[in-house]
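My notes follow in the order in which I checked them.

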Amino acid sequence: MAVALASPSAGACRAIAPALDAIAAARQGKLAVYKLHVDEHPELSAAFRIRSIPALRVFQGGQIVKEFGGAMSRQALEQQLAEFLQ
């Protein structure tokens with residue numbers, strides 16, 4: 001499973017990035033985190049329907065299987081990802 005975080009340089013994205021990275025580190029092999037600079041890659045932003053940030057997309061088998069966003073705590077992130085981390 002992979003999670004993409006849009007605009008890692010934006011304030012709200014920077015705020016949740018450490019929690020997302022910690023979740024990935026705790027679950028090595030089950031989760032990969034990729035960060036997309038939406039301003040540098042507007043074509044990908046459009047393709048992934050990113051309208052606001054932070055925007056997170058969960059991918060499995062190359063397909064988006066979940067979309068969510070907003071600033072949230074590590075606990076809230078883990079709840080959003082729980083179904084994929086079992």
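I count a residue as buried under 20% relative accessible area, as exposed over 50% and as partly exposed in between, using a 1.4 Å probe and protein chains only. By that cut-off, 38% of the 86 residues of the chain are buried.

**Ground rules.** This is a predicted model, in which I read local features only at pLDDT of at least 70 and side-chain atom pairs only at pLDDT 80 or more, while totals for chains, interfaces and linings use all residues. Numbering runs from 1 along each chain as its sequence is written, and side-chain values use heavy atoms, with hydrogens and water left out.

**Confidence.** I looked up pLDDT, the predictor's confidence in each residue, from 0 to 100. The chain averages 86, and 90% of the residues score at least 70. Strand β1 (residues 2–6) has the lowest confidence, with a mean of 63, whereas helix α3 (residues 74–81) has the highest, at 94.

**Layout.** I took helices (H or I, at least four residues) and strands (E, at least two) as DSSP runs, numbered from the N terminus. The chain has 3 helices and 4 strands. Their order along the sequence is β-α-β-α-β-β-α. I then looked at contacts, meaning heavy atoms within 4.5 Å. Among contacts with a separation of 6 or more, 58% are between residues 24 or more positions apart.

**Helix α1.** Helix α1 covers residues 11–26, which is 16 residues. I compared its span with the expected one, 1.5 Å times one less than the number of residues. From first C-alpha to last, α1 reaches 24 Å, close to the expected 22 Å. For the bend, I used the angle between axes fitted to the seven residues ending at a position and the seven starting there. α1 bends by about 35 degrees at Ala17, and Pro18 follows within four residues. The buried residues of α1 are Cys13, Ile16, Ala17, Ala19, Leu20, Ile23 and Ala24.

**Core.** What did I take as a nonpolar core? It is a set of buried Ala, Val, Leu, Ile, Met, Phe, Trp, Tyr and Cys residues joined through side-chain atoms within 4.5 Å. The largest one has 14 residues, and Ile23, Leu31, Leu56, Phe68, Leu77 and Leu81 have the most contacts inside it. At least two residues come from each of α1, β3 (55–60) and α3. The largest share, 5 residues, is from α1. I followed up Leu81, which lies in helix α3. Leu81 counts as buried because its relative accessibility is 0%. Leu81 and Leu31 are 50 residues apart in sequence, with 9.6 Å between their C-alpha atoms.

**Arg57.** Is Arg57 buried or exposed? Arg57 counts as buried, because its relative accessibility is 7%. Arg57 sits in strand β3. I checked its polar contacts, which are pairs of N or O atoms within 3.5 Å; within protein, one atom must be able to donate a hydrogen and the other to accept it, and residues adjacent in sequence count only if both atoms are side-chain atoms. A polar side-chain atom of Arg57 lies 3.1 Å from the backbone oxygen of Phe48, and one lies 3.0 Å from the backbone oxygen of Arg49.

**Loop between α2 and β3.** Arg49 is in this loop and counts as partly exposed, at 45% relative accessibility. The phi of Arg49 is near 55 degrees, a positive value in a residue other than glycine. Pro54 is placed in the loop between α2 (42–47) and β3 as well. The peptide bond from Ile53 to Pro54 is cis, with omega near 0 degrees. I note that most residues other than glycine have a negative phi, and most peptide bonds are trans.

**Lys66.** I found Lys66 in strand β4 (residues 63–69). The Lys66 side chain has a polar atom 2.9 Å from the backbone oxygen of Gln80. The side chains of Lys66 and Glu83 make a polar contact of 3.3 Å. Beyond its neighbours within four places in sequence, Lys66 is in contact with Leu56, Arg57, Val58, Gln80, Glu83 and Phe84.
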